[in-house]
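This briefing is intended for a reader who is meeting the structure for the first time. Please keep the sequence and the 3D view at hand while reading.

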Amino acid sequence: MTTPVNLIDLSFHELEAFLTAMGEAPYRARQIWQWLWQKGCRDIAAFSDVAKSLRAALAERAEVRWPEVVREQASRDGTAKFLLRLADGEAVETVLIPEKDHYTQCLSTQAGCALGCTFCATGRMGFRRNLTPGEILGQILVARQWLWDRQSALALRNLVFMGMGEPLLNYDNLLQALEALHHPQGLDFSSRRITLSTAGIVKNLLAFGATGLGSLAVSLHAPNQELRAEIMPVARSTPLSELMAALKDYPLKPRERLTFEYLLLDGVNDSPAQARELVRLLSHVKAKVNLIAFNPVPGIPYGAPSPARVEAFQDVLRQKGLTATLRKSKGADIAAACGQLRNEGVA
Ligand code: SF4
């Protein structure tokens, strides 16, 4: 027996081709696409405006399979974290973060991660595999359904690719997912609402910029090559000078700036001298900085900087005219904060 096609893994054009191969008119794809993405329907038999004969033929060859929710945890601050099992038993986490008037969702793009950043719980798992487009987007379907079930007054509006994995190392599947996200009959997210965070995969970074499908955030975390190579092994093969040179050519919209994420690790990268070094490093690009104070994670050898140290670091950046916001890391009590996502086993 052949494995049924998961319809949410198909691009719009692939769905058209799939239908054509079944002897159907390609325009049917538009109807089915709306059931998949706008209505979040998993039951092919319930696609009521699709001919019965087509529904029956589809059900023989295809299915609509979302990642399965294995565990759901709610934080005191309203953050919700989901552990999701994929068809082959791999697992990923995704997090819904409440903001003032909407939710932001943090999405995973890989099971595990090959880059091994020393402060990151995911990095310690090693790389398992890339997620398919349907597994990337399935996280959104699950979270949106969760909000619908609770009749949440706040809608899911922003997406950040900052969960497990390096998005630009799963580039083709990421691109397909982004295209589906922007499809007007699909989830219909504006590119202004999408941010992708990368540790600095230069070969795909400019390609992503050229698509205009989202904004870029760079996980920087160190102001010089030596320290960066120590805490982020990716910097050994892609030195900071190469990354900064590529970023100078990054296509920005008028008034847009590149975001640099900087995780403050106590006594490692959080001194005023390092803040000055960071200002110098970023002086040739249109930049803003998101500071995040590290959340202690069992087994990770770093401590949280004191609030005074965080404030002093931020002050240096601001005095030098660099926009620097301190991102409140939500969901720390359920290990949903930055760098804390990890598959703790679902078997
Ligand atoms: Fe991978 Fe990002 Fe973790 Fe680094 S911080 S190991 S790139 S998931």
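In which loop is the place of Arg255? Arg255 sits in the loop between helix H10 (240-248) and strand S12 (258-264). The model is a predicted one, in which local features need pLDDT of at least 70, side-chain atom pairs count only at pLDDT 80 or more, and totals for chains, interfaces and linings use all residues. Residues are numbered from 1 along each chain as its sequence is written, and side-chain values use heavy atoms, with hydrogens and water left out.

**Overall form**

- The chain has 12 helices and 14 strands; helices (H or I, at least four residues) and strands (E, at least two) are DSSP runs, numbered from the N terminus.
- With a radius of gyration of 21 Å, close to the 20 Å that the globule rule gives for 347 residues, the chain is as compact as a globular protein of that length. The radius is taken over C-alpha atoms, and the rule is 2.2 Å times the number of residues to the power 0.38.
- Along the principal axes, the C-alpha atoms of the chain fill a box of roughly 70 × 40 × 40 Å.
- Of the 347 residues, 55% count as buried. Buried means under 20% relative accessible area, exposed means over 50%, and partly exposed lies in between (1.4 Å probe, protein chains only).
- Among contacts (heavy atoms within 4.5 Å) with a separation of 6 or more, 66% involve residues 24 or more positions apart.

**Surface and charge**

- The accessible surface of the chain comes to about 15,200 Å², and 51% of this belongs to carbon and sulfur atoms. Such areas come from the Shrake-Rupley method with a 1.4 Å probe; for residues, only the protein chains shown count as cover.
- There are 39 positive and 35 negative side chains, and the centres of the two sets lie 5 Å apart. Lys and Arg count as positive and Asp and Glu as negative, while His and the chain ends are not counted; the place of a charge is taken as NZ of Lys, CZ of Arg, CG of Asp or CD of Glu.

- In H3 (residues 52-61), the buried residues are Leu54, Arg55, Ala57 and Leu58. Seen down the axis of H3, they fall within an arc of 165°, so they line one face of the helix; the arc is that of the directions from the helix axis to the C-beta atoms.
- Lys52, Ser53 and Glu60 are exposed on the other side of H3.
- Packing against the buried residues of H3 are helix H1 (12-21), helix H2 (28-38) and strand S2 (62-63).
- In H1, Phe12, Leu15, Phe18 and Leu19 are buried. These residues cover an arc of only 115° around the axis, which puts them on the same side of H1.
- The exposed residues His13 and Ala21 are carried on the face of H1 turned away from its buried side.
- The buried residues of H1 pack against strand S1 (5-6), H2, H3 and S2.
- Eight of the 11 residues of H2 are buried, so H2 is largely enclosed by the rest of the structure. Among these buried residues are Trp33, Trp35 and Trp37.
- The buried residues of H2 pack against H1, H3, H5 and helix H6 (171-182).

**Positive phi values**

- Most residues other than glycine have a negative phi.
- Arg255 is a residue other than glycine with a positive phi, near 70°. Arg255 is exposed, with a relative accessible area of 81%.
- Gln151, also a residue other than glycine, has a positive phi near 45°. Gln151 is found in the loop between helix H5 (133-149) and strand S9 (156-161), and is exposed at a relative accessible area of 71%.

**Other individual residues**

- Ala245 is found in helix H10 and counts as partly exposed at 41% relative accessibility. The C-alpha atoms of Ala245 and Arg28, 217 residues apart along the chain, are separated by 46 Å.
- Asn204 is found in helix H7 (residues 202-211) and is buried, with a relative accessible area of 13%. Leaving aside residues up to four places away in sequence, Asn204 touches Leu168 and Tyr171.
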